[in-house]
Each structure stands twice: as structure tokens, then as C-alpha cells.
Amino acid sequence: HYTTNGTAGQDQTMVGLELAKTPPKRRFMSITAAQTELTIAPGDPNAEAKATLKFGQPVDFVYMQPHMHLRGKDMKIDAHYPTGEKETLLDVPHYDFNWQIVYYEKKPLHLPKGTTLELTAHWDNSPNNKWNPDPKDTVHWGDQSWQEMLAAPMAVIVDRTVDPKTVVSLGNFSGGAGAQ
């Protein structure tokens with residue numbers, strides 16, 4: 001992230017690529033589940049929002065990274081399988097903005113077509129949150145730390161022949177924080 005600070009700056013970005021001699025058998029893809037319609041009421045100590053993402057193809061799930069900003073309190077990521085079974089993939093009961101951790105599976109977790117990932121997160125927009133920039137503010141989605149996010153960048157591996165547009169079949173972004 002580059003955030004403006006009123007002073008011109010410079011950057012020298014470098015990218016290194018190593019090209020394979022043969023086409024890869026599998027494709028590594030980055031995806032994100034997110035809820036962009038956040039509305040967190042002033043003073044709310046336990047605002048909640050959810051986001052879902054449904055796979056239209058079988059995938060091997062590699063990692064997930066819960067992401068919120070300064071009011072972030074907790075996040076849970078559950079897998080709802082087409083069989084009706086549910087499994088918690090990640091539970092971060094004490095989210096800390098200063099620790100942007102990527103959680104890798106020990107080995108890629110196979111998720112069948114039709115698996116839905118559900119993110120549930122809470123924020124503390126009260127004066128009791130020492131990191132809260134302004135507990136009197138109604139908070140919405142935004143890139144700045146004084147705004148908020150509900151996002152989880154993730155990575156999956158699919159067969160090389162799969163059309164990337166079919167990997168995620170549905171992103172159902174249910175109501176904003178505090179929404180009825």
C-alpha cells in the first residue's frame with residue numbers, strides 16, 4: 001500500500017520472473033472474499049458483518065489472510081461443504097492490525113466444487129478500543145486505516161485447463177456491519 005502523506009516520494013520497484021521450460025500442470029490463483037458495504041455505527045463495541053465466496057470448481061486451498069483495520073476485533077472463516085458439513089478453517093479471536101498474518105495450510109486442503117467459504121468478523125468502534133481513531137464516527141469500507149475492511153485474500157490451486165472465471169461462482173456479500 002502506498003498512502004499519500006503530502007510529500008512527494010520515490011520508489012524503485014523491481015520484479016523478477018523465472019519462466020518455466022514446460023507449461024505448468026496446475027494454476028496458482030489469488031482470490032479475495034470481501035464485504036465492501038460496511039456500515040459500523042458510532043460507539044458499537046461488537047459490530048458484525050459477513051462475506052461469502054462459493055467455488056464453482058474443485059480447488060486445493062493453500063492460504064488465507066484475514067484483513068481488517070484498527071477497529072478489527074475478530075474473524076472466523078468457515079467452509080460449508082456441499083454435503084452439509086461445516087468446518088472452521090481459521091479462527092482469529094483477537095485480531096491485531098499490527099500483525100498481518102498469512103495462514104498457510106500444512107498441505108493444500110481439497111475443497112470440492114460447491115464449497116462455500118463464510119467470513120464472519122467483528123469490530124470494536126467504542127471508546128474502549130485504544131486503537132480506535134474516532135469512536136463517534138460512522139465507519140465505512142475504505143483503504144485508509146481510519147476506515148475499515150472485511151477481506152480475506154486467499155490462494156487456491158486448480159488444474160491448468162480450468163477457466164479462471166469459473167473458479168469462484170458466487171460472492172454473496174451479505175449486509176453491512178450492523179445491518180438488519
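Two strands count as paired if DSSP finds at least two bridges between them; strands themselves are DSSP runs (E, at least two residues), numbered from the N terminus. This is a predicted model, where local features need pLDDT of at least 70, side-chain atom pairs count only at pLDDT 80 or more, and totals for chains, interfaces and linings use all residues. Residues are numbered from 1 along each chain as its sequence is written, and side-chain values use heavy atoms, with hydrogens and water left out.

**Exercise 1.** Is leucine 17 buried or exposed?

*Solution.* 
- Locate leucine 17 first: look in the segment before β1 (26-34).
- Apply the cut-offs: buried is under 20% relative accessible area, exposed over 50%, and partly exposed in between (1.4 Å probe, protein chains only).
- Leucine 17 has a relative accessible area of 74%, so call it exposed.

**Exercise 2.** Classify glycine 6 by accessibility, then find how far it sits from aspartate 163.

*Solution.* 
- Glycine 6 also belongs to the segment before β1.
- Its relative accessibility is 80%, so glycine 6 is exposed.
- C-alpha to C-alpha, glycine 6 and aspartate 163 are 43 Å apart, with a sequence separation of 157 residues.

Notes: Helix = DSSP H or I, 4+ residues; strand = E, 2+ residues; numbered from the N terminus.
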